[in-house]
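Dear colleague,

Please find the structure below, followed by a summary of what was found in it.

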Amino acid sequence: MISRRGPAAFGANRLCICPETARFFRMIPALLLVFSAVAYRVTTGLLIHSGASWLSNFAPLAAIALCSAAYFPKKYKFAVPLVTLFISDALINFRYGAPLLDPQILCRYVALGLIGCIGLLLQNRASLKTLLPASIAGSTIFYAITNAFSWLSDPGYAKNLGGLIHALTVGLPQYSATPSWMFFRNALLSDLVFTLLFIVCMNLGRSIERSCARAAAFRPAGAG
């Protein structure tokens, strides 16, 4: 039987399907960037043991949490940063025989959750102008929370203001030859670079989405 639906009906069906698919395509460049950052973190995490201390903590964990919450759809906002962090932690900790879930790692998840909340506040006005300062704030929050937790939990630090300053600036030499301030510097730089690239990727994804929408709108109804 020959369908009585005309070109308008085919166009309507296409418009019903295209937005969801287009939203997924919008995310692809940014997701590839996130996966690349995770692969880079795992690789450098294994290289640190070989003495590549200049790479220490050059991993944009805070920026992944911030940008994912600001840009991704609801079900991906917290899932993407937390799952990627868990996978990278699992690989690195397995290599060095460290426990996967200890209080320090759980502290990181809490810090990333707080940074994700900043991204949620910016989701309706996410841009270079708002996210770059937020990235600096996120790096600082992550650094302050994780190092303050180390100060409180590690008996090697004196439980006074001097001990806290020691944790935030130098750290304990038995854990790393890299001072704490260098970890913060590298995290800050990597977060800023990642945030900038993430915004570029989202703009690229939106261009792909618009191209899909235009192709669907102008494609002949009988084509394909």
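Helices are DSSP runs (H or I, at least four residues), numbered from the N terminus; axes are lines fitted to C-alpha atoms over the stretch in contact, with angles from 0 to 180 degrees between N-to-C directions. The model is predicted: local features need pLDDT of at least 70, side-chain atom pairs count only at pLDDT 80 or more, and totals for chains, interfaces and linings use all residues. Residues are numbered from 1 along each chain as its sequence is written, and side-chain values use heavy atoms, with hydrogens and water left out.

Helix α5 (residues 128–153) and helix α6 (residues 161–169) have axes that come within 9 Å and cross at roughly 130°. Contact, meaning heavy atoms within 4.5 Å, involves residues including Tyr-143 and Trp-151 of α5 and Leu-164 and Leu-168 of α6.

For helix α2 (residues 61–71) and helix α3 (residues 79–96), the axes come within 8 Å and cross at roughly 155°, which makes α2 roughly antiparallel to α3.

Two salt bridges (a side-chain nitrogen of Lys or Arg within 4 Å of a carboxyl oxygen of Asp or Glu) were found in the whole structure. Asp-89 pairs with Arg-41, the closest N and O atoms being 3.0 Å apart, and with Arg-108, at 3.1 Å. Shared partners join Arg-41, Asp-89 and Arg-108 into one network. Both Arg-41 and Asp-89 are buried (under 20% relative accessible area, 1.4 Å probe, protein chains only).

Yours sincerely

Technical notes. Helix = DSSP H or I, 4+ residues; strand = E, 2+ residues; numbered from the N terminus. Parallel < 35°, antiparallel > 145°, perpendicular 65-115°, else oblique. Buried < 20%, exposed > 50% of the residue type's maximum accessible area, 1.4 Å probe, protein only.
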